[in-house]
Each structure stands twice: as structure tokens, then as C-alpha cells.
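Let's take a walk through a protein model together. Keep the sequence and the 3D view open as you read.

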Amino acid sequence: MEPALRGIIEKVIDEELSEEKLSSNYGVFGAFKDRGLIDSVSSAMFGRVYMRAYQAWLDYKASHAEEPRPEEAVELVRIFESRAIEIKSKISEIASL
């Protein structure tokens, strides 16, 4: 994966983990849970962070008229896995407020 793309993915994860973004999303997903639409606010938020990173990868490839490569998908998962504990921790912090 090119360094620029890796940087974009890391930035998207950082943005999703901002207190403002997490608080806003917690409210949205909390309302979904209250309506019985989801079982876990934390799991939904974790999935949102992953999907935003995944979408950033696809958007980057599309804007450069390139096909996503399987080895890049593997690296995307590695990036996400390396930050998974941090992501879970930040979500837990917001949930406890």
C-alpha cells in the first residue's frame, strides 16, 4: 500500500476517534438500540470506524482509476487490527460518560 493511502486511512481512523465524532455517533447508535434495531452500540460504532477506513481505501483507488488489490485489503485489515484496542478503548470511554 502506498504511504499516501496508508496516511489517509490512519487519518480517517483518527477523525472517527475524535471525542466529537464518537459522542455524536454514540447518540445515533444509542437511539437505534433503544428502538431495537441493533443489539450493541459499541459493536455498531466499531463497525462504523472499520467501514469508514474501508470506504477511504475504495475512494482513494477510485479517484486514481485503480483497482483495489487483494494485498492492499490485507494491509488495511492489519492497520485496523493494530488500532483495534485503541478503537475499542475510545468507544468504551464515550460509553462510560
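Helices here are DSSP runs of H or I with at least four residues, and strands are runs of E with at least two, numbered from the N terminus. This is a predicted model, in which local features need pLDDT of at least 70 and side-chain atom pairs count only at pLDDT 80 or more, while totals for chains, interfaces and linings use all residues. Residues are numbered from 1 along each chain as its sequence is written, and side-chain values use heavy atoms, leaving out hydrogens and water.

Begin on helix α2, where you will find Asn25. With 9% relative accessibility, Asn25 counts as buried; that word means under 20% relative accessible area, whereas exposed means over 50% and partly exposed lies in between (1.4 Å probe, protein chains only). Setting aside neighbours within four places in sequence, Asn25 is in contact (heavy atoms within 4.5 Å) with Glu16, Met45 and Arg48.

Met45 also leads us to the largest nonpolar core. Such a core is a set of buried Ala, Val, Leu, Ile, Met, Phe, Trp, Tyr and Cys residues joined through side-chain atoms within 4.5 Å. Helices α1 (3–16), α2 (19–34), α3 (41–63) and α4 (70–95) each supply at least two residues, and α3 gives the most, with seven. In soluble globular proteins, nonpolar side chains tend to be buried together. Look at Ile13: not counting residues up to four places away in sequence, Ile13 touches Val49, Ala53, Ile79, Phe80, Arg83 and Ile87.

Now for the charged side chains. How many salt bridges does the structure hold? There are 13, each being a side-chain nitrogen of Lys or Arg within 4 Å of a carboxyl oxygen of Asp or Glu. Glu16, buried at a relative accessible area of 1%, pairs with Lys21, their closest N and O atoms being 3.9 Å apart. Glu16 also meets Arg52 in a salt bridge (3.0 Å, N to O). Because Arg52 lies in helix α3 and Glu16 in helix α1, this pair ties together parts that are 36 residues apart in sequence.

On helix α4, Glu86 and Arg83 are three residues apart, so about one helical turn separates them. Their side chains form a salt bridge (2.8 Å, N to O). Glu86 is partly exposed at 32%, while Arg83 is buried at 9%. Salt bridges with shared partners join Arg6, Glu10, Asp14, Glu75, Arg83 and Glu86 into one network.
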